[in-house]
Amino acid sequence: MDWDKLIQLLVNGVTLGSVIALIALGFSMVYGVLRLLNFAHGDVFMVGAFIGYFVLTWFGGPTSPSIPLPAVIVLMFLSAMVGCGCLGVVVERFAYRPLRNASRVAPLISALGVSFLIQNSALLVFGAEIRSYDSFDFANGAYIVDGIHWGPLNVSVLRILAIAAAAALMVVLTLFVARTRLGRAMRAAAYDREAAEMMGLDVDRVIATTFFIGSALAGAAGVMFGLVYNNIFHYMGFESGLLAFTAAVVGGIGSLPGAMLGGLAIGVGQALATGYLPQGSTFQDFWVFVLLIVVLLVRPSGLLGRPDVRRVTP
Amino acid sequence: MKKPLLLGALVAALGASAALVAAGGAPSATAARATAAAVDCSRTITLGFMGPTTGPAASIGQELRDFSILYAENWNDSGKKPKIDIVQGDTQFDPAQASTIAQQFVSNGNLLGVIGPGGSQEVLAVGRIFQRAGMAFSVASATRKSLTIGKTKVKGLFRIAAPDSVQAKSTTDYMLKRLHVKRVFVLDDQSAYSVPLAEAVSKILAHAGVKVSRSSVAQKQSDFSSVITDIPDGTDLIYLPIQFPAKMELLGQQLKEQGKKITLFASDAGYSPDFKIVGSYFSTFGPDVRTYGPAQKVLASYYRRHGKNAPLTTFGPLAYISGQVMVGAAVRACKDGSADRAEVLREMHKTSLKTSIIGEPVRYTADGDRIGGSFFTFKVTAKGPVTVR
C-alpha cells in the first residue's frame, strides 16, 4: 500500500469535497424549509467566484495588491458572501415566493429558468472567456510552495486555507442553527411550516434568511474554488451544482451534517477513483453516480437523512 | 415511488443528460436539402463563418472569427466588387450547436461557402451536413487526421493546418532527439481532437522504447491534483494534447504545488497568454508571424480594427488564410455574376497562392489537405513563447 499516495489523494479529495459540501449545504437548507430543489444554487456559486475575482482585481490583482494579501482574501470572501446572500434573497422573493402555493413542478421549472437567467446574464456581463484568480502568483508563489511538506505529501497554504475556511463556516452554521433564535425558527419552519406560521413565526423572513445564508455559503465556496482551482467561467455553476445536489441527496437531503458528509464523500470518492480505479480519471462522474445509487439502494433516505414517515390511517 | 428514490432518479437523469451533452450528442440531423440553384452574386457574395466565439474556447474562437473575416472586411473596405457579406454562427465549442448552425447555413440559399468551424469535433459534427449540401468549408485549425482520409473523410473540407500525423511526428522527433525523454505521461481531454493525437504520439514514443503512461480527463475538468498524484515516479515529460490553455496552466501550477518537476509539452492551444509555465514546450501549426515582414500589413489592419491589445496566437494567421482562400474561390466562381455551391467547391480545389502571411504557399490535395503543411515547436520563456524548431 502506497500510504503517501493515499494521503495525498485524501488531501486532494477533502479540498474538493469542502467546496462541494459548502454548496450542498445551501441546497439542503432550502430543501429542508421549502421542499424546493433550487437548481439556481450552482449559478449563485458561480456569481460568488466572479465577485471574488473582481474584488481581487479591484485591489490590484494577485501580484501587486494595494493592501495586504490576507486582507484582500478576507474582503473577497465577505463580498462574495454578502453579494450572493443578497442575490439568493432576490431570487427567492421574485422567482419562488409567488409560486409557494403552486404545484411542486412550478417552482422547479422556475428554478431552472433562474439558473439559465443567471448563467446567461453572467455571459453577457462577464464575457465568455475563462478568467483566472492567478492565486499561484500570490506572494511570488509562496501560497502553493509553502505549506505542509511531509515526505512526498504536499498541502499548500491555499488548500489549508480552503479546508479551514470550509470547516469554520460549517461549525458556525451548525452553531447558528442549533443555538440561535433564528436557527430555531428555521428548524421550526422546516419541521412544519404551517404550524410555525400559526404559532406567530414570520415564515417569509425565515425563508429569506435561509436563502441568504445558503447563498452566502455558495458565495464562499465560489471564492474557495477560485483560490484553489483558479479558473472561473460563466457555466461553472452547472457542473458544481450538480455534484453538490448529488452530495445533498447522498447525505440525506434536508440534513446539514448529511450535506457536509455527502460533499466530502463525493470529493474523496472522485480522488480515490482517479488514483486507484482503472481509468478512474476518465470515468470520475460515473463513479460518483455509482456511489449515489449504492447509497440510495442501501439507505434510501441518504446517509444521515430521516425516512419520510407519514400516517396512513386515522 | 418514495421521495428519496424519486430524487435519486432525478439526479441520475440529470447526470445522464449532462454526460450526453459532454459526449457531444448531436440531435438527429434532419438534413436540410442542398440548395443547388445558382444565385445572383454580381453585387454581394454571402459566406458563412462558424466558430466557438463564446463558451470554453471563446478566447481562441474570437481570434479565429476576427481573422477569418478580416480578409473580407479589408476586401470590402478597399471598394472591390462584389461585396462580401459574412453570416456568423457561434458553435460554443459544442458539436450539437455546430450541427444546428450548419443546418441553418445549408438552408440559407444565398450562402455559397463557409469559413470554419474551429475544432475537429465540430468538423465531425458538421461535415456530413455540408457534404450533402455540396458546400465547401475552409477550416484553419482542425487537425484530426481522419477528417481527410478513410471512412470519416469529409468531402468539401479544406484545411490550412497540417494533420495530426505531421504533428505527432514533429512532436515526438523533438521529444526524442532534443529532450531525450525516457518516461512520458500522456494526458488527453477525451475530445475528438485530443484522443487520436495522444494515441499517435504514444505509439511513436512506445515504438522508440520510451515508457508511456496514458490517462484522460474530461474537458470540463477543474482539478488535476489527483491525476498528478497518480503520475508514475521518474516521469520526465507530460504530453498534453488538450484544447484549453487555462487548464494546462492549472496543471502546471498544481505540479509545482505537489513539488513535482516535470516538463510539460502541449499541442496547438499552447500559444496563448493563459499558458505561461516557463520551461514548457508546445507544438503548433503556424509560425510566429509577429516579426514576419509580409504579415505586417495584415496584422496592422487587425490591430486597427480590434485594438492594439487584441490577442494574436498561431490560430489567427491560419484563420486569415482560410478566409482568404474562401473569398478567393467565391469571387472566381462569381465572375459571370452568378454561382452555385458546386462552382465554389471546384474553385476551392483550384486554389493556388504562391505565398501567404505565414510565408508558405497554399495549394490543396484532392482530399483537402494543404500541401506542405508543417508544425513548429515553441518553448515558453519568461518573455513569452520562442520558436525552437
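Does Cys41(B) count as buried or exposed?

A: In this predicted model, Cys41(B) counts as buried, because its relative accessibility is 1%, and the cut-off for that class is under 20%.

Cys41(B) is joined by a disulfide to Cys334(B), with an S to S distance of 2.0 Å. In general terms, a disulfide is a covalent bond between the sulfur atoms of two cysteines. The count over all chains comes to one disulfide. About the S-S bond of Cys41(B) and Cys334(B) the torsion is about -115 degrees, and the disulfide is therefore left-handed. Cys41(B) sits in the loop between strand 1 (39-40) and strand 2 (44-51) of chain B, while Cys334(B) sits in the loop between helix 11 (315-333) and strand 12 (338-339) of that chain, so the bond ties together parts that are 293 residues apart in sequence. Cys334(B) also counts as buried, because its relative accessibility is 5%.

Cys84(A) is buried, with a relative accessible area of 0%, whereas Cys86(A) counts as partly exposed at 40% relative accessibility.

The peptide bond from Lys81(B) to Pro82(B) is cis, with omega near -5 degrees, and Pro82(B) belongs to the loop between helix 3 (70-77) and strand 3 (83-90) of chain B. Gly116(B) and Pro117(B) are likewise joined by a cis peptide bond, with omega about 5 degrees; Pro117(B) is in the loop between strand 4 (111-115) and helix 5 (120-133) of chain B.

Phi is the point of interest at two residues of chain A. Arg35(A), a residue other than glycine, has a positive phi near 55 degrees. Arg35(A) is placed in the loop between helix 1 (3-34) and helix 2 (41-58) of chain A and counts as partly exposed at 39% relative accessibility. Asn230(A), which is not a glycine, has a positive phi of about 70 degrees. Asn230(A) lies in the loop between helix 9 and strand 4 (231-232) of chain A, and at 3% relative accessibility Asn230(A) counts as buried.

Arg184(A) is found in helix 7 and counts as partly exposed, with 47% relative accessibility. A negative surface patch is formed by Asp192(A), Glu194(A), Glu197(A) and Asp202(A). Of these, Asp202(A) lies in the loop between helix 8 (193-198) and helix 9 (203-229) of chain A, and Asp202(A) is partly exposed, with a relative accessible area of 43%.

Technical notes
Residues are numbered from 1 along each chain as its sequence is written. Chains are lettered from A and ligands numbered from 1 in the order in which they are written. This is a predicted model: local features need pLDDT of at least 70, side-chain atom pairs count only at pLDDT 80 or more; totals for chains, interfaces and linings use all residues. Side-chain values use heavy atoms; hydrogens and water are left out. Helices (H or I, at least four residues) and strands (E, at least two) are DSSP runs, numbered from the N terminus. Buried means under 20% relative accessible area, exposed over 50%, partly exposed in between (1.4 Å probe, protein chains only). A disulfide is a pair of cysteine sulfur atoms within 2.5 Å. Patches are made of residues with over 30% relative accessible area and no salt bridge: like charges are joined within 9 Å, nonpolar side chains (Val, Leu, Ile, Met, Phe, Trp, Tyr) within 5 Å. Accessible areas come from the Shrake-Rupley method with a 1.4 Å probe; for residues, only the protein chains shown count as cover. A salt bridge is a side-chain nitrogen of Lys or Arg within 4 Å of a carboxyl oxygen of Asp or Glu. Lys and Arg count as positive and Asp and Glu as negative; His and the chain ends are not counted. The place of a charge is taken as NZ of Lys, CZ of Arg, CG of Asp or CD of Glu.
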